[in-house]
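Here's a quick walk through the fold, sheet by sheet. Have the viewer open as you read.

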Amino acid sequence: MESIVGKILSDRYRIIRELSQDDFSTLYAAENLADVNSPQCQIERLQPQYESEVLGTQSWQKVLQAFVEQGNILKKISQHPQIPQLLAFFECDRQFYLVQELFEGETLEQRLEHSLINQAEAIEWLQEILRILEFTHKANVAHLNIQPSSLIQHQDGRKFLTNFAGIKNSILFKNKSLQTIVNQDFAAPEQIEGKPDFTTDIYALGKTIIYALTGEISEFIQPKTHSTNDTQQPSTSNTYSSANIDSKLATILNKMVNKTPSLRYQSAADVIAELNFEQQNVVVFPPPFSLDPQSLQSSGGEMPFVVSPKSRKKPRQKTSFRFEFPKGIIWLLLALPFVTALIIIFIGMNRNAYQGYVDYANNDYQFELKYPQAWSKRDLDDPITGEVVVFASPLETNADLFLEKVSIAVEYLPSESTTLKQYSETVFKRIKQNKANNIEIYQDRKTKIDEFPARIIVYSRQERGLQLRQMEVFTIKNKQVYIAIYTAEKAKYSKFLETAEKIIDSWEIN
């Protein structure tokens, strides 16, 4: 296909250079001549292979309509902060183009060219991608194209999901779509038969992570029982593969890739709940005694992944402590130098992480935090909004229409018994009542502020014609709600998100 480097598409997008190419599309770096604030973008040129009848007027109109419908769907779900934002889509000379934010990262496929992933990385990939799937499935959108090339890690470490199949399938005849778009190494059996559902994405993600752990396309995975070469080259059609993982993770992955849809996890949330086993337990130094035989027996004869403190048996009153006490002291003395070293390293890393930041303390509301020295600070005491202080980013250009900001607010609770969940419901009602701004909520999850349980709500809204993205993080302490609000233009939200998170992470409430 002829190169379009140097051309201007749709009277506004200048193609700068080619980034990559495959059988279905070519990706270009481009410049948006109509947007001085955010000119850099990337354009994907889709390359469908038409049959002769598609070129007829009536058939062409159906293809074009399907492309527009799928484009609108993709544009809506791309408001999720971990899906590359679709800025525009258009047809030009019977060619289809997708305009997305310029994204710098490494696909999982590229990563695997150098090394396989370990168990901790596998769990991290699963948790982040599953949260994205939970969002898209609630929006009634299946991905249907999950494979290593569709999973991307941004330079800041965040995981992204891209390359949705729907918009590409929309411009192909049905009898061709399954043979061209789908990678059969990772596709579920029902998708190849043309009957996919939401569990199809769970299957493909499981297959992808198994491949990333083992380097092999396998039916299922098992923990390694003996030492093998971790740098093995990918092979195909193996019944099973092994990796240095715990049996708990292997069980989860094997259920994800069950060939029968009804026997898999039925939602992304179900898998996330199973994966929480790592967070629900405390990692400690190995104890100087063996596990209680009854605990081992209760786990079906297998060693548990991690033993929860709640599941440990209390020592019987007749047990002698004559030998255990000295062992505990010895373990403590052995561990002390390592703990001290870790504390010193942590303090050093924490200081380096906040280089260029200055301290802010508010005596009236008893809290402290850090903010970038280059940002401006404006103290407030707004009785209506509860805002206490606002930190704003510096002006980047004279054409900068909106300064990204982090606002800190404190609200008094009408009732001491108000819970975080109840207050969250109040926030949701307030957001949804503001219909004039066409607000869309696309993220809601739990977090912490200064070790206190907190909630994050991310949504989009309009203000004076600008498309804004807003993140509210709040917690409750001492009959007061402490709220941090990060606001930015959609196109710049990711750019300043790390700074906003660092401000919030430094927040200490006395």
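Strand S12 and strand S13 (residues 367–372) run antiparallel, with six bridges joining them. Strands here are DSSP runs of E with at least two residues, helices are runs of H or I with at least four residues, and both are numbered from the N terminus. Two strands count as paired if DSSP finds at least two bridges between them. In this pair, tyrosine 357 sits opposite proline 372 in S13.

Helix H13 (residues 493–505) packs on this sheet and touches S12 and S13; a contact means heavy atoms within 4.5 Å. The direction of H13 makes about 155° with that of S13, where axes are lines fitted to C-alpha atoms (for helices, over the stretch in contact) and angles run from 0 to 180 degrees between N-to-C directions.

Zooming out, the sheet is open and antiparallel, with three strands in the order S12-S13-S21. Its edges are S12 (357–362) and S21 (508–509), each of which pairs on one side only.

## What you're looking at

This is a predicted model, so local features need pLDDT of at least 70 and side-chain atom pairs count only at pLDDT 80 or more, while totals for chains, interfaces and linings use all residues. Residues are numbered from 1 along each chain as its sequence is written, and side-chain values use heavy atoms, with hydrogens and water left out.

## The six-stranded sheet

Another open sheet has six strands, ordered S1-S2-S3-S4-S6-S5, with antiparallel pairing. Strand S1 (8–9) and strand S5 (86–92) are the edge strands, each pairing on one side only. Inside it, S3 (residues 25–32) and S4 (residues 40–46) pair in the antiparallel sense over seven bridges, and leucine 27 has glutamate 44 in S4 as its bridge partner.

Now for strand S6 (residues 95–101), where you'll find glutamine 100. Is glutamine 100 buried or exposed? It counts as buried because its relative accessibility is 9% (buried is under 20% relative accessible area, exposed over 50%, partly exposed in between, with a 1.4 Å probe and protein chains only). Leaving aside neighbours within four places in sequence, glutamine 100 is in contact with Cys41, Gln42, Pro84, Gln85, Leu86, Leu87 and Thr162.

## The whole chain

The protein chain has 13 helices and 21 strands. Of its 510 residues, 42% are buried. Among contacts between residues at least 6 apart in sequence, 53% join residues at least 24 apart.

The chain exposes about 28400 Å², with carbon and sulfur atoms supplying 51% of that; accessible areas come from the Shrake-Rupley method with a 1.4 Å probe.
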